[in-house]
Amino acid sequence: MLGAERSTLSELAKMTAASQAERTVLEEEFNWLLKEEVHAVLKQLQDILKEASRRFSMPSPGLEGQLKQENFILGSSTMDQVKGVLTLQGEALTQADINIKVAKSSQVMHFAFRDDKQWKLQQIQDARNHVNQALQLLSSRDESYHFKTGAEVNKLMDAVMLQLTRARNRLTTPASMTLPELAASGLMKMFTPPMPGDVMVNFYINLSKLCLTVYQLHVLQPNTTKNFKSAGSSVLHNPGAMFEYNSTKFEVSHVHKVECVVPWLNDTLVFFTISLQLCQQLKDKISVFSSFWNYRPF
């Protein structure tokens, strides 16, 4: 009986020793992760996000400090109601040259930005700011910094991922606007000749596309407004949408949307996806270790 007890104690001692040895190995691996691999990932993230940030402010070849101007042709092979050329310089539309074929008369109206005007695309500006904030977070932990816990790494990754998600969402989710907001927008005052009261336009980014929407309107006569229902907020309003502006009731009669792909915006979206994956992979590695050491503050 005593021999059996000794044998059991011996087995327990071996298991404890094995468990201790395993813990020591895991401890060493985890310390290596905190000291070496975390910084390798941070460096990789910084390199990718610097490329993303550079895409937002591509300099002109040979012109120091001046942003590159790019021309984009708007239009579609299936419809020619709206055609145009947009000039993009970083986050600013510096020129828009638009031809609109009026539905009723087939007359073509031509509009262009006034020489003294340019239109800031807030979505690009915001996305760039979020990328720069993510870069600041990463650079606050240089190679000499020693991470002490997995929780500390996770906290940094969560903060970086929040900025990257916000940057991506600004490009993938255009702002909703009501039709009166669009009518009162400074965009309506950008053009020469001035836009007529029955035409409204909107520019926005959707993923890697620069979009132009043109609304043609007609005034609702007082005797036809008994079923008037003001439209809510939307990225794109459909024909039939009604609204009131300056005590006049309007209905959208025609909507035309044309777009063009901006290649560098596509690049930045790819960079965001890769960066978010890298952050998540590092968090996953941390969580593997935390499941072994429930008593440590991971």
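Ser-247 lies in the loop between β11 and β12, and in this predicted model Ser-247 has a positive phi of about 65° although it is not a glycine. Asn-246 is found in the loop between β11 (242-245) and β12 (248-261) and has a positive phi as well, of about 50°. Elsewhere in the chain, a cis peptide bond leads from Thr-192 to Pro-193, and Val-82 is found in strand β4.

**The cis peptide bond**

- Omega is near -10° for the bond from Thr-192 to Pro-193.
- Pro-193 is found in the loop that runs between β8 (191-192) and β9 (199-206).

**Val-82 in strand β4**

- Strand β4, which holds Val-82, covers residues 82-89.
- Val-82 is buried because its relative accessibility is 0%, where buried means under 20%.
- Leaving aside residues up to four places away in sequence, Val-82 touches Gly-75, Ile-98, Asn-99, Leu-212, Val-214, His-256 and Val-258.
- One of these contacts, Val-258, is 176 residues from Val-82 in sequence, while the C-alpha to C-alpha separation of Val-82 and Val-258 is 7.2 Å.

Technical notes. Residues are numbered from 1 along each chain as its sequence is written. This is a predicted model: local features need pLDDT of at least 70, side-chain atom pairs count only at pLDDT 80 or more; totals for chains, interfaces and linings use all residues. Side-chain values use heavy atoms; hydrogens and water are left out. Helices (H or I, at least four residues) and strands (E, at least two) are DSSP runs, numbered from the N terminus. Buried means under 20% relative accessible area, exposed over 50%, partly exposed in between (1.4 Å probe, protein chains only). Contact means heavy atoms within 4.5 Å.
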